[in-house]
Amino acid sequence: MRRIARLLTGTALAVAAAALTAAPAHGGGTGSLDVYPSSVVPGGSVSVNTTACGADGAAAGDASAVGAGQFTLAPSSHEGNAIGQFRVPPSAQPGTYEIVARCSGGGREVRGDLVVTLTSVRPAHPRGSVKTGVGGALGPDPVQTAAGVAALAVAAAGGTWLLHRRARGDGI
Amino acid sequence: MRRYGNTAMAAVTAVALCAGAWLLRDGTTSHAPPQPSAAEAHADPAAGRPAAPALPPSPPDRIRIPAIRVDAPLTGLGLTPTGSLEVPPAGRPDLAGWYEAGTTPGERGTAIVAGHVDNAEGPAVFYGLGALRRGGTIEVDRRDGSVAVFTVDAVEVYQAKNFPDEKVYGPARRPELRVITCGGGYSRATGYQGNVVVFAHLTGSR
């Protein structure tokens, strides 16, 4: 079992756990392995994805560091992502483990960290209302107003033409 | 022949006159976003469709709400320094967001999605959210290729002054979803007074 780096002791673990959230271990983009959630309790399931293998690229995943063995990252319909899942064994010890994925073919390798904690870390939830509008829908609609003015201009031109014809006695 | 020309011109003129009058009248009146009626508020929690089993965690990529013609990509959102939920960039009115540090939609717990009702230019992605009804469907495309299907339990309006944080954001024992936008009346001085919040729970997946 290849466990990497920082085996956290009790106190350090508590501090790290408090700071951790379920946010991705890497901020997306190419060349990294996203791990969701980045912090998990033993027995929990984990989803990893990467865009490093290109469109339709599969990859071989290695979660043996945390005792979950090999798994497959299959190509998905979403923007060239290869996606795989594995379950952390219930016997896993707290710590930070490196998850590795190797693209099939090219052999490119990407890595992401997974933190195992004994108590599940519940991230803070948001507070208060959300500022999702400024009232821009409430004013007059400039496009519709312009279209209205244009239509009235057409009506005025048509009316003028008809009156002109009538004045000339063209019979209308 | 000339008579036909005159008739056609008279018809065009009449149509243009009516269309112009309607466009001007409609274009210069205000268009407040729809707000939910009291009938869409929370009912008996035992009512409604039973919950589907939770899905493994997977980040969402897209949200679809067919009843109000929403089909929008999702971006990750964090928290502002005051602890409120961030919002998608105002320059991208077609974009919705999800609270990235929280529950992923379909997983057990409360997943949170937010989007603008409007920006300075006009209506945005969740303009019609207040028109959604109980029993409506919300679909979330997830990165693992699955689609989480939620059924609307309630559509509520809450004032910002008295926002029920626990009810909206608090943990849930089943997979639930909140979809949030601005609403609850508008004042020129302080903007929208609160939020429209859609409560939904997972009822299927594919």
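The model is predicted: local features need pLDDT of at least 70, side-chain atom pairs count only at pLDDT 80 or more, and totals for chains, interfaces and linings use all residues. Residues are numbered from 1 along each chain as its sequence is written, and chains are lettered from A and ligands numbered from 1 in the order in which they are written.

Chain B holds two helices and 10 strands (DSSP runs numbered from the N terminus, helices being H or I of at least four residues and strands E of at least two). Their order along the sequence is α-β-β-β-β-β-β-β-β-α-β-β. Of its 206 residues, 43% are buried, that is, with 20 or more other C-beta atoms within 10 Å of their own, C-beta atoms being placed from the backbone.

Chain A gives 48 residues to the contact and chain B 62 residues; two residues are in contact if their C-beta atoms, placed from the backbone, lie within 7 Å. On the chain A side, β3 (45–50), β6 (82–87) and α2 (142–167) each give two or more residues. The most come from α2(A), with 14 residues.

| Strand pair | Sense | Bridges |
|---|---|---|
| β4(A) (59–62) and β7(A) (95–103) | antiparallel | four bridges |
| β7(A) and β8(A) (109–116) | antiparallel | eight bridges |

R102(A) of β7(A) is the bridge partner of A60(A) and stands opposite E109(A) in β8(A). The β7(A)–β8(A) hairpin has five residues between the strands, and G105(A) there takes a positive phi near 90°.

Notes. Buried ≥ 20, exposed ≤ 12 C-beta atoms within 10 Å, placed from the backbone. Pairing = 2+ DSSP bridges.
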